[in-house]
Amino acid sequence: MHGRPRKPPTPEEEKANDIKASKLRALQSQFLQFHHDQIYTKEALEVCAKLVESNPEYIPAWNYRKLAVERIVSQLESDSESDPDAIKAIFREELKVVHFFDQIRKWYILVDFVYIVLLLSGPVWLTERALAKNYKSYGAWYHRKWVLRKGHSSIDRELELLKLFLEQDTRNFHAWNYRRRVLQLRVIITSFHAEIVLFGLSFFFFFSFRFVAPLKNRSDEEELHFTTDMINGNFSNYSAWHNRSVLLSHLLENKVEGYFPKEKVLTEENDLVHQALFTDPYDQSGWFYHLWLLNQMVKIETPLLVYTWPPPGSNLKVSVDGCLDDSLPLSSITSFHLKTGQIPVVLYFSEAVEGVNSSTITLESSLHDTNTELIWSPLSTNNSGRAQAWVTHLSFPEEKFHFSQANPIKVTIGHSEGIKSISGFTLSHPTYFEFIVYLQTTAPHHADLQSLDMITWGDENFHTYEVHPKESSQIKLSDPLKSCDDYGLMAYRWNAETITNEISLFRELLSVTDCKIGKLTLARLLTALDAMISYDKTLESKEVVHFEEVLELYSDLMKLDPPHSQFYKDEHSVVLLQQLTSNPESLLRHCYNYRDPSPSRNICLRLCNLSLSRIGSVEQLLWIQMLDLSHNQLRSVDGLEAMQLLSCLNLSNNKIGNFSALEPLKQLQSLRALNISYNEIGAHSVDTRRYLCSSPLSHTAGSDWNFGEFAIDGIDFTNYWEAFSIFKDLKLTQLEIIGNVVAEEKIKLFLVKVMPALRWLDGVELQ
């Protein structure tokens with residue numbers, strides 16, 4: 001472990017271990033009997049003490065001590081004859097002699113059956129003995145936190161103890177975590193002290209002496225200086241770097257004097273971490289801190305609305321009966337066939353947010369019934385109530401149709417507080433966007449994708465998309481909605497300049513050493529700089545300047561670091577998709593007309609044979625109705641849930657291992673044709689990471705399912721619960737599953753039963 005070779009034990013060591021294990025088993029058996037019978041006598045607690053001293057990782061013993069403390073303290077407090085002064089005296093004396101076991105014994109005579117002092121002071125003493133045995137014992141540290149939370153330990157003494165531990169092992173993350181806990185308790189106790197002083201002077205002196213005075217208001221700045229000393233003593237101290245990031249986050253967030261503006265602080269921090277990185281570029285501790293600094297430079301604290309569908313200023317041509325005429329030369333991005341009487345409106349934010357509802361989003365339209373409250377839904381596969389993309393569906397009552405006329409719609413976002421990120425920041429830049437809807441009921445000779453015959457994905461059905469001289473390009477992308485004040489503009493320019501300097505430094509470092517984490521950092525810096533450049537330009541002039549260099553870095557990393565090659569593949573895929581979607585010209589090379597060569601007809605985005613292992617940049621693809629992702633290395637389709645117009649999807653010849661990986665597709669109401677042939681579905685076990693247990697049938701996920709409706713003779717429904725959970729709400733008319741392990745005749749019969757709208761299955765028209 002950690003690169004340290006293990007030596008086989010000698011015969012003498014094996015014999016000693018056997019004797020030790022025999023004694024431990026006897027202790028454990030005796031303890032479990034006491035625990036089962038709920039016996040909390042002096043003898044039982046001594047057995048427990050010996051057990052955790054011998055084996056500090058035995059969690060049941062620590063839990064037993066907690067139960068004993070709470071039980072006996074409750075008995076003591078309920079005893080009307082107990083002397084409060086005697087209890088206070090015990091606590092005061094306990095603070096002085098907390099770890100002297102022999103002196104504690106004199107308090108047994110107060111309540112023989114209670115064993116009060118050993119329980120209240122013993123846990124602190126006991127954890128010290130346990131930590132002396134194993135100073136990285138989770139059970140001992142957690143128990144010590146519990147005792148501290150009960151208020152039976154001196155904070156000043158705790159800090160002294162931590163100092164000793166960190167002198168023995170400066171990187172002991174248990175001790176660092178406990179140190180943060182002690183300092184957090186400072187705030188709680190200070191508030192408690194202020195409250196107590198209102199009720200009585202005697203309580204004020206008692207608690208002030210025990211808790212507040214010893215700490216002397218140790219500040220975050222002092223703790224930051226402490227981490228500096230620890231880092232200067234040893235650059236390879238990940239725990240100290242991590243604690244430094246926690247402290248600085250608090251100081252920067254609260255704009256403490258000397259820590260605002262943050263640009264000055266981050267410059268000094270970069271200089272500090274450079275010393276570590278250039279001293280030993282192969283030590284990872286400083287690199288992780290540098291990654292945190294990079295995040296501070298590029299992140300936007302408040303969430304922003306960055307993309308929408310329909311795009312701002314767009315003209316949306318909607319067909320009520322599924323057909324469009326050519327009276328308006330509009331693009332395929334904004335041509336939508338309305339069969340359900342609804343169209344989706346998608347909001348895409350810079351990060352996952354909550355609070356998107358009719359009180360934070362308003363819509364003005366002569367078409368929409370203002371008396372009907374819009375329901376906004378998070379496009380996410382979890383139940384957190386947060387998502388980066390949100391959708392609502394506009395309904396147009398037939399009596400309000402104004403055919404072939406411009407019907408303007410205005411959407412206002414963030415006019416009232418309520419849209420918040422996971423870190424608690426609110427949408428601070430209210431904005432709005434407008435688009436125009438044209439409704440039609442004509443029936444020309446062209447049909448939409450959903451009314452075509454069976455979709456076939458062969459190359460012969462796709463025609464290269466060409467822009468005719470007299471016809472404007474149908475491919476139009478959206479610029480991110482921008483909001484930036486004067487200070488934000490200054491910060492943005494400083495960030496870009498700083499990142500440029502960092503790139504120069506690390507290129508110089510990598511010229512003399514082949515450090516894999518250095519390559520990863522350089523790739524991240526280049527990607528961040530490209531994002532800033534693209535944000536500062538108009539869409540037509542966007543160019544990912546360092547595209548080739550970043551892809552080459554990730555390719556090198558796959559070879560240098562095979563154990564993490566999947567991570568590098570995913571990052572490679574994300575960067576590649578960012579490049580493909582960065583401007584209309586690059587995207588145009590992957591756009592094809594399906595069957596009809598006319599540029600105004602069905603456009604398919606073909607991202608085949610690109611070795612993609614992860615989907616990204618979906619915010620630029622919200623307009624796509626037909627997508628081909630075949631012959632890649634995808635294991636999941638996370639992200640596609642935001643593409644609410646998607647009606648035809650080809651995922652054949654990928655590495656999808658089970659039906660649960662398709663869960664995002666459940667939110668695509670427009671999806672009609674799906675090809676998942678020649679994947680690995682059925683070759684792997686269920687992706688239980690998506691569930692609390694191995695099957696949703698065993699908890700509330702399937703509580704509303706009506707299984708009897710889909711019963712088929714000779715088919716056990718429980719064998720296909722995973723497929724049922726994905727397909728039961730889809731309205732597919734076409735599905736291909738051939739070439740998967742699971743593609744047997746029984747599941748085909750089951751799918752036909754579950755999806756009554758299905759017309760084609762594996763290329764065969766159903767009767």
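**Notes on the predicted model: salt bridges, helices, patches and backbone**

1. Asp561 has a relative accessible area of 5%, and because buried means under 20%, this residue counts as buried. The structure is a predicted model, and the points below should be read as a description of that prediction.

2. What does the side chain of Asp561 meet? Asp561 forms a salt bridge with Lys516, at 3.6 Å from N to O. Lys516, at 36% relative accessible area, is partly exposed, whereas Asp561 is buried.

3. Another salt bridge joins Arg614 and Glu571, with the closest N and O atoms 3.4 Å apart. Glu571 is in helix H19 and Arg614 is in the loop between strand S13 (603–606) and strand S14 (626–628), so this pair links parts that are 43 residues apart in sequence. Arg614 is partly exposed, because its relative accessibility is 39%.

4. Asp514 and Lys519 also form a salt bridge; here the closest N and O atoms are 3.5 Å apart. Is each partner buried or exposed, or in between? Asp514 has 45% relative accessibility and so counts as partly exposed. Lys519 has 12% and so counts as buried.

5. How many salt bridges does the whole structure hold? A search finds 12. Some residues are joined in a network of salt bridges: Asp459, Arg606 and Asp628 are linked in this way.

6. Turning to the helices, H2 covers residues 42–54, which makes 13 residues. From the first C-alpha to the last, H2 reaches 18 Å, close to the 18 Å expected at 1.5 Å a residue. Which residues of H2 are buried? They are Ala44, Leu45, Val47, Cys48, Ala49, Leu51 and Val52.

7. Phe34 is placed in helix H1, which runs over residues 11–37. Phe34 counts as buried because its relative accessibility is 12%. How far apart are Phe34 and Ala44? In sequence they are separated by 10 residues, and in space by 6.3 Å, C-alpha to C-alpha. Ala44 is one of the buried residues of H2.

8. Gln38 lies in the loop between H1 and H2. Gln38 has a positive phi of about 55 degrees, although it is not a glycine. Most residues other than glycine have a negative phi. Gln38 has a relative accessible area of 48% and is therefore partly exposed.

9. Asp762 also has a positive phi, about 55 degrees, and is not a glycine. Where is Asp762 found? Its place is the loop between strand S18 (760–761) and strand S19 (764–765). Asp762 counts as buried, because its relative accessible area is 18%.

10. The bond from Phe260 to Pro261 is cis, with omega near 0 degrees. Pro261 sits in the loop between helix H13 (238–253) and helix H14 (262–279). Trp309 and Pro310 are also joined by a cis peptide bond, where omega is about 0 degrees. Pro310 is in the loop between strand S1 (305–309) and strand S2 (315–319). Most peptide bonds are trans.

11. Asp18 is located in helix H1. Asp18 has 53% relative accessibility, and so counts as exposed, since exposed means over 50%.

12. Which residues form a nonpolar patch on the surface? Tyr138, Tyr142 and Phe173 do, and together they have about 320 Å² of accessible area. Tyr138 is part of helix H8 (residues 138–149). Because its relative accessibility is 40%, Tyr138 counts as partly exposed.

How values were computed: Residues are numbered from 1 along each chain as its sequence is written. This is a predicted model: local features need pLDDT of at least 70, side-chain atom pairs count only at pLDDT 80 or more; totals for chains, interfaces and linings use all residues. Side-chain values use heavy atoms; hydrogens and water are left out. Helices (H or I, at least four residues) and strands (E, at least two) are DSSP runs, numbered from the N terminus. The expected span of a helix is 1.5 Å times one less than its number of residues. Buried means under 20% relative accessible area, exposed over 50%, partly exposed in between (1.4 Å probe, protein chains only). Patches are made of residues with over 30% relative accessible area and no salt bridge: like charges are joined within 9 Å, nonpolar side chains (Val, Leu, Ile, Met, Phe, Trp, Tyr) within 5 Å. Accessible areas come from the Shrake-Rupley method with a 1.4 Å probe; for residues, only the protein chains shown count as cover. A salt bridge is a side-chain nitrogen of Lys or Arg within 4 Å of a carboxyl oxygen of Asp or Glu.
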